[in-house]
Amino acid sequence: MDICALGEKPPLGEVPDRMHVFCVRQDRFGAPRDAWQREIIDVPEIAEDEVLVYNMATGINYNNVWAALGYPIDVIAVRQKQGEPEDFHAGGSDCSGIVWKVGPAVTNVKPGDEVVVHSGWWPADDPWVLSGRDPMLAETTRIWGYQTNYGSYCQFAKAQAHQCQPKPKHLSWEEAGCYLLCASTAYRMLMGWSPNIVEEGDVVLVWGAAGGLGSYAMQITQAMGGRAVAVVSDDSKRQFCLDNGAVGVINRKDFDHWGPMPDTSSPEYGAWVKGARAFGKAIWEAVGERVSPRIVFEHPGESTLPTSGFVVATGGMVVICAGTTGYNITMDLRYHWMRQKRLQGSHLSNDEQAAAVNQLMIDRRIDPCLSQTFTFDEIGHAHQLMHDNAHASGNMACLVNATEPGMGRSA
Ligand SMILES: NC(=O)c1ccc[n+]([C@@H]2O[C@H](COP(=O)([O-])OP(=O)(O)OC[C@H]3O[C@@H](n4cnc5c(N)ncnc54)[C@H](OP(=O)(O)O)[C@@H]3O)[C@@H](O)[C@H]2O)c1
């Protein structure tokens with residue numbers, strides 16, 4: 001078979017030669033709405049430990065906003081330097097679908113299984129991985145559908161079998177396709193860095209609380225018995241946060257001390273400290289008592305990190321997985337060492353963490369917070385909304401082989 005239309009199913013196990021995808025090429029790096037274009041490409045071969053998933057729906061993630069921009073790295077050029085021939089990036093890091101074909105060494109899933117795919121990708125023969133240690137710390141680990149090709153904007157997505165988790169039966173394809181990347185990242189950030197994990201009563205400050213990561217950070221905090229304080233930039237997002245586990249909400253537009261911390265000997269430093277203290281007081285007011293965050297859930301980076309480091313409790317942790325506003329961070333080291341605080345980088349999740357957060361989803365203790373469902377042809381548009389911070393609260397999805405919203409629920 002040469003190719004099938006979106007939504008058309010070949011016999012289970014049979015795969016056409018070519019498929020529909022959304023991809024980026026180097027000569028159109030730039031605004032995501034134009035960089036992402038629909039194309040037809042060959043379906044890739046799979047390795048013995050890989051699967052092809054008949055992709056029903058995909059989530060939209062910020063990593064492929066970066067891929068569209070070609071910034072901070074050109075993912076195509078990086079792969080070509082590593083010997084991969086493709087001159088396109090058929091990305092996408094969140095997928096729900098049906099396992100269609102498996103390599104000979106695959107034992108954990110079989111054709112016909114309904115799955116969601118997490119985006120931790122690592123070579124099975126990496127000595128670090130073989131040693132049984134956390135594969136997310138292996139030098140060769142990549143993010144599927146960002147640093148690897150043939151991700152979830154492909155009609156048939158190519159993944160390593162260990163990335164597959166059971167699809168929650170109560171969710172539609174688009175609900176199931178929109179959550180695992182952000183949810184698993186949030187889970188590792190909040191539960192992966194012992195002893196700074198969420199415990200009963202802990203206050204957790206969540207930046208970008210109405211965003212993809214934030215929506216799960218609030219819910220996981222609540223599920224673990226913690227108290228999430230949400231930060232947003234618009235009062236219209238307040239109710240969303242309260243509905244998804246926050247005990248209080250702060251509007252960051254009520255403060256103006258953002259950006260790099262001024263030199264501690266400069267006159268501007270006094271004004272900065274005043275702003276940071278007022279923000280700390282707003283956290284206490286949101287909690288209803290004078291308790292500082294034991295964990296600060298960070299991703300904006302440059303503009304917020306000085307404040308995060310200032311307000312986190314003695315012995316607490318600022319855990320960060322991105323630098324959306326910039327990478328040059330400043331902080332007042334005096335508070336950092338005297339109060340024995342921790343600054344922890346975190347990136348995606350390993351299989352156990354993906355399984356743990358997927359179980360929370362299966363048990364209905366967290367919700368995907370699907371905000372909006374788009375068609376396959378709107379993949380570029382959805383990325384543009386995210387780039388412009390103009391997307392609705394929660395997480396977006398695009399249908400791939402699912403022909404209409406609401407399909408796929410079986411419980
Ligand atoms: N390393 C990893 O494993 C990993 C995984 C997932 C995502 N990420 C990264 O994490 C970042 C966020 O991803 P996401 O999916 O949550 O994106 P998102 O849905 O766009 O949410 C990000 C939120 O950040 C907030 N924000 C924007 N500018 C801000 C600023 N100047 N100061 C404070 N907050 C600001 C916005 O909320 P308000 O305007 O309401 O404040 C926005 O809702 C991206 O850079 C993404 O690439 C990394």
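Guide: Let's begin with strand β11 (residues 203-206), which pairs with β14 in the parallel sense over three bridges. Two strands count as paired here if DSSP finds at least two bridges between them. The element names are DSSP runs numbered from the N terminus: helices are H or I over at least four residues, strands are E over at least two. Before going further, note that this is a predicted model: local features need pLDDT of at least 70 and side-chain atom pairs count only at pLDDT 80 or more, while totals for chains, interfaces and linings use all residues. Residue numbers start from 1 along each chain, following the sequence as written.

Back to that pair of strands. What sits on the two faces of β14, buried or exposed residues? I295 and F297 on one side are buried, and so are V296 and E298 on the other, leaving both faces covered. A buried residue has 20 or more other C-beta atoms within 10 Å of its own, an exposed one has 12 or fewer, and partly exposed is in between, with C-beta atoms placed from the backbone.

V206 and F297 turn up again in the largest nonpolar core, where they are among the residues with the most contacts, along with V51, V53 and A230. That core holds 117 residues, and its largest share, eight residues, comes from α6. It takes at least three residues from each of domain 1 (18-179 + 368-399) and domain 2 (186-345). By "nonpolar core" I mean a set of buried Ala, Val, Leu, Ile, Met, Phe, Trp, Tyr and Cys residues joined through C-beta atoms within 7 Å. In soluble globular proteins, nonpolar side chains tend to be buried together. Zoom in on A230 and, leaving out residues up to four places away in sequence, you see it touching V206, A209, G214, M218, C241, A246 and V249. Contact means C-beta atoms, placed from the backbone, within 7 Å.

Now the domains, whose bounds come from an automatic or database domain assignment. The C-alpha centres of domain 1 and domain 2 lie 29 Å apart. Five residues from domain 1 and six residues from domain 2 make the contact. On the domain 1 side, one of those residues is nonpolar, four are polar and none is charged.

The ligand is another spot where the domains come together: its shell has at least three residues from each of domain 1 and domain 2. There are 31 residues around the ligand, with Y62, G208, G211, G212 and S233 coming nearest. A residue is near if its C-beta atom, placed from the backbone, lies within 6 Å of the molecule. Helices α6 (180-191) and α7 (212-223) and strand β12 (227-232) are the elements giving two or more residues to this shell. Sorted by class, the shell has 13 nonpolar, 15 polar and three charged residues. For that sorting, Ala, Val, Leu, Ile, Met, Phe, Trp, Tyr, Cys and Pro are nonpolar, Asp, Glu, Lys and Arg are charged, and the others, Gly among them, are polar.

Next, have a look at β9 (residues 156-160): five of its five residues are buried, so the strand is largely enclosed by the rest of the structure. F156, K158 and Q160 point one way from β9, while A157 and A159 point the other. This strand pairs with β3 (residues 50-59) in the antiparallel sense over five bridges, with K158 as the bridge partner of L52.

Setting aside neighbours within four places in sequence, Q344 is in contact with W193, M317 and V319. Q344 and V318 are 26 residues apart in sequence, yet 6.1 Å apart in space, C-alpha to C-alpha.

Last stop is K281, in helix α9 (residues 267-287). K281 counts as exposed because it has 12 C-beta neighbours inside 10 Å.

Conventions. Contact = placed C-beta atoms within 7 Å.
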